[in-house]
Amino acid sequence: MDRTLRHTDDLAALAGATPPPQTPLLTVDVSVSYGEKPVLRRAALTVGEGEILGLIGLSGSGKSTLGLAVLGLAGLRGARVEGRILFEGRDLLRLGSRELRRVRGQQIAFVPQSPLAALNPALTLGTQFREAWQAHSSEAGWLGRVFELLEQVNLPASEGFLRRLPQELSVGMAQRVLIAMAVLHRPRLLIADEPTSALDVITQAEIVELFRRLNVGAGTGVLYISHDLVSVAGLCHRLSILADGEIVETGETRRVFAQPEHEHTRKLVAAIPGLGSDVHFFGFGPGASR
């Protein structure tokens, strides 16, 4: 039997169920370059309301650049972004900086791949949560919302925990804090850039489960960026494969695993080793057994 098929039958069965047709929440069609060097060339994808789309690419493929472009942050690194990025029908590339700040953090939130580097080491967790709240809301009640979220991400919902500094946390705990901070204002879209890359395999599975619960419980759309095709098998409704700055294939997760169409996708799937006792790590996601 072909090696690709031999290793993907079980993966396809574990992959997320096909979501119902959804109104596009995010539509991207962009080219991005740094100076004369093109990084993305007409990279196009959509994320539906309540959908988890996995953006899969090798290191250097441009996947993180695409995420930064959606957030309006690629330009801060000297990038030139052309095309369109429609969020709820508005082109983010046409918004002024003040309007974009209202969207970023409130309607579109970000979970980076280096949690300890993303948190301010000089400020307590409570101070950072309060500042994140005040950036987009003048209402009282931030502490109750933070305690609610800490419980949801399986962290201590206590003032004692909020008095901690980031360096007192494990990497896994810091990532949970960032996820809680990202959903503080109930965003419509969450961009997660390699959120499990610095974690051990058990903590990786727990974080993936958190994203699944956020999606199911709150209907949050997720653009989940990863280099690891297997890690998103049971999480994402659809996958977009990025290679050399272009989206070369997009499809339902089951289909991409079982019948990859593009040569690059076939190579990614063929490189997946045989699955053993850790297959249950990938059993999260819509339609998967729980």
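Buried means under 20% relative accessible area, exposed over 50%, and partly exposed in between (1.4 Å probe, protein chains only). With that in hand, welcome to this structure, a predicted model in which local features need pLDDT of at least 70, side-chain atom pairs count only at pLDDT 80 or more, and totals for chains, interfaces and linings use all residues. Residues are numbered from 1 along each chain as its sequence is written, and side-chain values use heavy atoms, leaving out hydrogens and water.

Let us begin with charges. The structure holds 14 salt bridges, each a side-chain nitrogen of Lys or Arg within 4 Å of a carboxyl oxygen of Asp or Glu.

| Salt bridge | N to O distance |
|---|---|
| D29 and R42 | 2.8 Å |
| R145 and E148 | 3.1 Å |
| R212 and E209 | 2.6 Å |

Helices (H or I, at least four residues) and strands (E, at least two) are DSSP runs, numbered from the N terminus. D29 lies in strand β1 and R42 in strand β2, so their bridge ties together parts 13 residues apart in sequence. D29 is buried at 18%, whereas R42 is exposed at 58%. R145 and E148 share helix α6, about one turn apart. R212 and E209, in helix α9, are also separated by about one helical turn, and both are buried.

Now for the rings. A search of the whole structure finds one aromatic pair (ring centres of Phe, Tyr or Trp, its six-membered ring, within 6.5 Å; planes under 30 degrees apart are stacked, over 60 edge-to-face, the rest tilted).
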